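Reader: I'd like to go through the aromatic side chains here. Can we start with the terms?

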Amino acid sequence: MPAPGELIMIEPKRPKPPQHWSDLTVDDRKTKIVEFGLPAFRADQLSRQWFSRLSDDPLSWTDVPAELRQRVKDELFPDLITSVRELTCDAGATVKQVWKLFDGVMVESVLMRYSDRSTMCVSSQAGCGMNCPFCATGQAGLTRNLSTGEIVEQVLAGARSLARGDVEGGIGRVNNLVFMGMGEPMANYKNVIEAIRRLTQPAPAGFGMSARGITLSTVGLVPRMLQLAEEGIPVTLAVSLHAPDDELRDTLVPINTRFKVQEVLDAAWNYADVTGRRVSIEYAMIKDINDQAWRADLLGELLAGHLVHVNLIPLNPTPGSKWTASRPEDEREFVARLKDHGVAVTVRDTRGREIDGACGQLAAVVTSEA
Ligand code: SAH
């Protein structure tokens, strides 16, 4: 029997994605390379091709004897994700991809280009088991966890298109990464942490991005939040709170029936204490549901004095939803009340709205067309 806290981690039985170089530790890569009859030092060269030069064509790698290249591609660098739809908006500065995985499952990623940086938003699971009623991904349930390689690949795909200059604004690189696509990253903890390791390890082992540029967003799986604090990876932790009181949060974020608001916040403060990192509180502003002035005051009281920042997200209504984004005046009042409590607050910009940019909506559309 799994421990009660583990039950939320159970995923439907599905075939596993093919193993990929990105899934392997540095030592495992060396072992594989020796199995291929190549000297172990070639492993670092292959890693550099993949993570530093961002070459996705093993057939062109002169580090590998010509007769072995096809096998290296097929067995060590199989295609994990295939673009089935690319949509751009915001004058080309937002690029959304729908990816088909090896088993036909669809997930999404979004690349957002700003004047001084680029942010990738990636999926950690196909679907999601958390069942939040305002979220498009939550409606379809969990299909499966993504492998480390499938997560890393979404970031590298964005990095490649930025490096090629394919994205409006010229050549660029991925500065920030947010786990705010499909899925609950803490419910796929091991693969997500491994992906973060691959992405933050310096060359030749990994992609070499800064952990400080990475945000892991969670509904509040307390045991995993506590575990993350001990990993020694200084990512930003974002908590999808959406309500300051258990009564409402039980309905908006159903896992709240297991991990209550105060328990989740205590785990967040623990994270801030251990890492020195400011925690983000995500709060989708839903008209007449969670945007009352008294809830702003209650939220302000809970957060005041902590190393925290509130990100208000105007609700992006899902198809058929009776809920909409808050009125501007209610949003202003909410912001003002949080500020009165001395709590730092910003309102998220709404990139990608017209391409179903947020929250699993596009993959749902593409899947239903397929
Ligand atoms: N499962 C994780 C990460 C994925 S969602 C989590 O819940 O944190 C990333 C953020 O988008 C979360 O804060 C989520 O609550 C929010 N979100 C989901 N659907 C939304 C919608 N329709 N409008 C606005 N925000 C939404």
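Author: Buried means under 20% relative accessible area, exposed over 50%, and partly exposed in between, using a 1.4 Å probe and protein chains only. This is a predicted model, where local features need pLDDT of at least 70, side-chain atom pairs count only at pLDDT 80 or more, and totals for chains, interfaces and linings use all residues. Residues are numbered from 1 along each chain as its sequence is written, and side-chain values use heavy atoms, with hydrogens and water left out.

Reader: Is Phe77 buried or exposed?

Author: Phe77 is buried, at 1% relative accessibility.

Reader: How many aromatic pairs are there?

Author: Five. Rings of Phe, Tyr and Trp (its six-membered ring) pair if their centres lie within 6.5 Å; planes under 30 degrees apart are stacked, over 60 edge-to-face, and the rest tilted. Among them, Trp50 and Trp61 are edge-to-face, 6.3 Å centre to centre with 75 degrees between the planes.

Reader: And how buried are those two, Trp50 and Trp61?

Author: Trp50 is buried at 3% relative accessible area, and Trp61 is buried at 0%. Trp61 also pairs edge-to-face with Phe77, at 4.9 Å centre to centre and 85 degrees between the planes.

Reader: Which residues form the cluster?

Author: Trp21, Trp50, Trp61 and Phe77 form one aromatic cluster.

Reader: Switching topic: which ring does the charged end of Arg71 sit over?

Author: The ring of Phe36, 4.0 Å from its centre. A charge sits over a ring if NZ of Lys or CZ of Arg is within 6 Å of the ring centre and within 35 degrees of the ring normal. Arg117 lies over the face of Tyr114, 4.4 Å from the ring centre.
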